[in-house]
Amino acid sequence: MNDFFRTLSVQRWDDHRYYHHSRINQALHLLSAISFVVAYALLFVDPVAAALLAWLVAMTSRQAGHFFFEPKGYDHVNRATHEHKEDIKVGYNLRRKVVLMALWAAAPLLLWSDRSLFGLMTPSAGFEGFARQVGMVWLWLGAGGLLFRTVHLFFIADVRTGLVWMTKVLTDPFHDILLYWRAPLHLLRGELIDPMGRVDQRA
């Protein structure tokens, strides 16, 4: 168990130091984390609404931070190229995220063309029914994406790495709130890039 939590700590630290230099990205992760926590609570009441909130607010804000605001040049703090960081990424790197987000965007289009989703769902009438169908597909996509990468890691790394990564992803919203709650304050002071002083000390 100690090894499990040690590996979890390493994955969390690497994720922060490699992929969260931008204060805007950190602030968007704070928004995302709060949204995910609300979505977690909604899972027990209305899973479809939880999926809509998670994908429309939490995931879009989270991935926008990575795609549009995170620096992609040479990482002088960690002495690593962007390409190297993409290659060693445990979870979804940008290439994998493009595939995941493409599937997310395609879901409403598929449902619009076939409200039964090739016989997998019972068609429902009206915009609200359509929106709830989309939410259900996104719920499946989120669970499938999590399980797919976890099992994938079983084979390309080991079972512990996969289980640790799944634990990290599921608990990231709570950890991100603790880690990035000051990000909006740094932005108000005009600081766009985290100096990552702790990384220098540990490198």
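How many positive and negative side chains does the protein chain have, and how far apart do the centres of the two sets lie? The legends below take up this point and others in a predicted model.

**Figure 1. Charged side chains of the protein chain.** The protein chain carries 21 positive side chains. Its negative side chains number 17. The centres of the two sets lie 3 Å apart.

**Figure 2. Helices of the protein chain.** There are nine helices and zero strands. Read from the N terminus, the elements run α-α-α-α-α-α-α-α-α. Among contacts with a separation of 6 or more, 71% join residues 24 or more positions apart.

**Figure 3. Overall dimensions of the protein chain.** Along the principal axes, the C-alpha atoms fill a box of roughly 60 × 45 × 30 Å.

**Figure 4. Surface and burial in the protein chain.** Of the 203 residues, 44% count as buried. The accessible surface comes to about 11,200 Å². Carbon and sulfur atoms hold 69% of this area.

**Figure 5. The largest nonpolar core.** This core has 23 residues. Those with the most contacts inside it are Trp55, Met59, Leu100, Trp104, Leu111, Val137 and Trp138. Two or more residues each come from α2 (23-43), α3 (47-69), α5 (94-113) and α6 (126-156). α6 gives the most, with seven residues. In soluble globular proteins, nonpolar side chains tend to be buried together.

**Figure 6. Contacts of Leu100.** Neighbours within four places in sequence are left aside here. Leu100 is then in contact with Trp55, Met59, Tyr92 and Leu141.

Notes. Residues are numbered from 1 along each chain as its sequence is written. This is a predicted model: local features need pLDDT of at least 70, side-chain atom pairs count only at pLDDT 80 or more; totals for chains, interfaces and linings use all residues. Side-chain values use heavy atoms; hydrogens and water are left out. A nonpolar core is a set of buried Ala, Val, Leu, Ile, Met, Phe, Trp, Tyr and Cys residues joined through side-chain atoms within 4.5 Å. Buried means under 20% relative accessible area, exposed over 50%, partly exposed in between (1.4 Å probe, protein chains only). Helices (H or I, at least four residues) and strands (E, at least two) are DSSP runs, numbered from the N terminus. Contact means heavy atoms within 4.5 Å. Accessible areas come from the Shrake-Rupley method with a 1.4 Å probe; for residues, only the protein chains shown count as cover. Lys and Arg count as positive and Asp and Glu as negative; His and the chain ends are not counted. The place of a charge is taken as NZ of Lys, CZ of Arg, CG of Asp or CD of Glu.
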